[in-house]
Amino acid sequence: AEQTPAVKTLQRGHSELQHGDKQAALGAYRSAYRRAPRFDTAANLGLLELELGQQAMAAHHLAAAIRMQPSKVDAALIGRLQTALRTAKKGLAAFVVRADAPAGSELRIDGKVVARTPLLDPVFVSPGRHELLLVNGDAKSEATYTIVAGQKKQVSLKLKQGGRQLNRVQATVVVSGSALAVAAFAAGGAM
């Protein structure tokens with residue numbers, strides 16, 4: 001059977017890792033995942049990112065691997081991935097983004113593309129202030145939040161297909177017994 005480009009790239013990552021080049025392996029795993037997000041690619045990528053101290057990305061890929069696990073996978077491997085995910089999530093916060101947008105729209109956090117719609121997993125971030133941007137062509141929706149460690153913040157972003165809509169929300173979330181939105185601003189409309 002002929003191998004797909006994603007499988008060949010994943011195997012190149014394995015080879016780079018065996019030769020001790022973790023950065024080259026990381027690049028190959030990320031390339032393979034972008035080409036075809038699969039269980040084995042997400043698992044290898046997440047475990048390597050965790051080893052390299054990239055907690056937020058590791059948590060994202062490990063959560064995806066656990067969600068995508070095939071029905072016939074070794075229980076010990078799933079246990080290892082779940083343990084790694086718990087380790088990666090320590091000290092992080094998460095955005096659970098509900099995106100009303102066409103498939104393939106980009107979710108950017110602090111200017112970096114972190115996912116594409118449909119968004120199936122939480123997006124893990126370090127505590128602090130983050131700018132979220134959902135974009136597809138010239139349509140976009142923005143939000144800025146401050147989030148603390150251990151917090152899981154629900155966020156809704158909406159794009160208008162076929163037109164341009166801008167939603168901007170700014171809030172500071174303070175956790176002191178309960179979450180509190182200190183300031184909020186929203187505007188929008190078709191142009």
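Helix 4 and helix 5 are roughly antiparallel to each other (angles over 145 degrees count as roughly antiparallel, under 35 as roughly parallel, 65 to 115 as roughly perpendicular, and the rest as oblique). In this predicted model, the axes of helix 4 (residues 55-68) and helix 5 (residues 75-89) cross at roughly 150° and come within 8 Å. Axes here are lines fitted to C-alpha atoms, for helices over the stretch in contact, with angles from 0 to 180 degrees between N-to-C directions. The helices and strands themselves are DSSP runs numbered from the N terminus (H or I, at least four residues, for helices; E, at least two, for strands).

Helix 4 passes helix 5 in a left-handed crossing, the near helix being turned anticlockwise from the far one by less than a right angle (clockwise would be right-handed). On the helix 4 side, the contact (heavy atoms within 4.5 Å) is made by Q55, A58, A59, L62, A63, A65 and I66. Helix 5 brings L81, Q82, A84, L85, T87, A88 and K89 to it. Sorted by class, that contact has 10 nonpolar, three polar and one charged residues. In this scheme, Ala, Val, Leu, Ile, Met, Phe, Trp, Tyr, Cys and Pro count as nonpolar, Asp, Glu, Lys and Arg as charged, and the others, Gly among them, as polar.

Helix 1 (residues 5-18) and helix 3 (residues 39-51) have axes that cross at roughly 30° and come within 11 Å, so this pair is roughly parallel. Their crossing is left-handed. L10, H14 and L17 of helix 1 meet D40, T41, N44 and L48 of helix 3, giving a contact with three nonpolar, three polar and one charged residues.

Turning to the strands, an open sheet of three has the order 4-1-7 with mixed pairing; two strands pair if DSSP finds at least two bridges between them. Strand 4 (123-125) and strand 7 (152-158) stand at the edges with a single partner strand each, so one side of each has no neighbour in the sheet. On average, neighbouring strands of this sheet are turned by 30° against each other, direction ignored. Strand 1 (residues 93-100) pairs with strand 7 in the parallel sense over seven bridges, and R98 stands opposite S156 there.

Strand 2 (residues 106-109) pairs antiparallel with strand 3 (residues 112-116) over four bridges, with L107 and A115 as bridge partners. These two strands form a hairpin with two residues between them, and D110 in the turn has a positive phi of about 55°. Strand 2 also runs antiparallel to strand 5 (residues 128-136), joined by four bridges; R108 has L133 as its bridge partner, while I109 stands opposite L132. Strand 5 in turn runs antiparallel to strand 6 (residues 139-147), with nine bridges joining them, and E131 sits opposite T144. Here too there is a hairpin with two residues between the strands, and G137 in its turn has a positive phi of about 65°.

As for confidence, the chain has a mean pLDDT (the predictor's confidence in each residue, from 0 to 100) of 85, with 82% of residues reaching 70 or more. Over residues 163-191 the pLDDT is below 50, although this stretch has 62 contacts in the model beyond near neighbours in sequence. Where pLDDT is low, the predicted coordinates should not be read in detail.

Local features need pLDDT of at least 70 and side-chain atom pairs count only at pLDDT 80 or more, whereas totals for chains, interfaces and linings use all residues. Residues are numbered from 1 along each chain as its sequence is written, and side-chain values use heavy atoms, with hydrogens and water left out.
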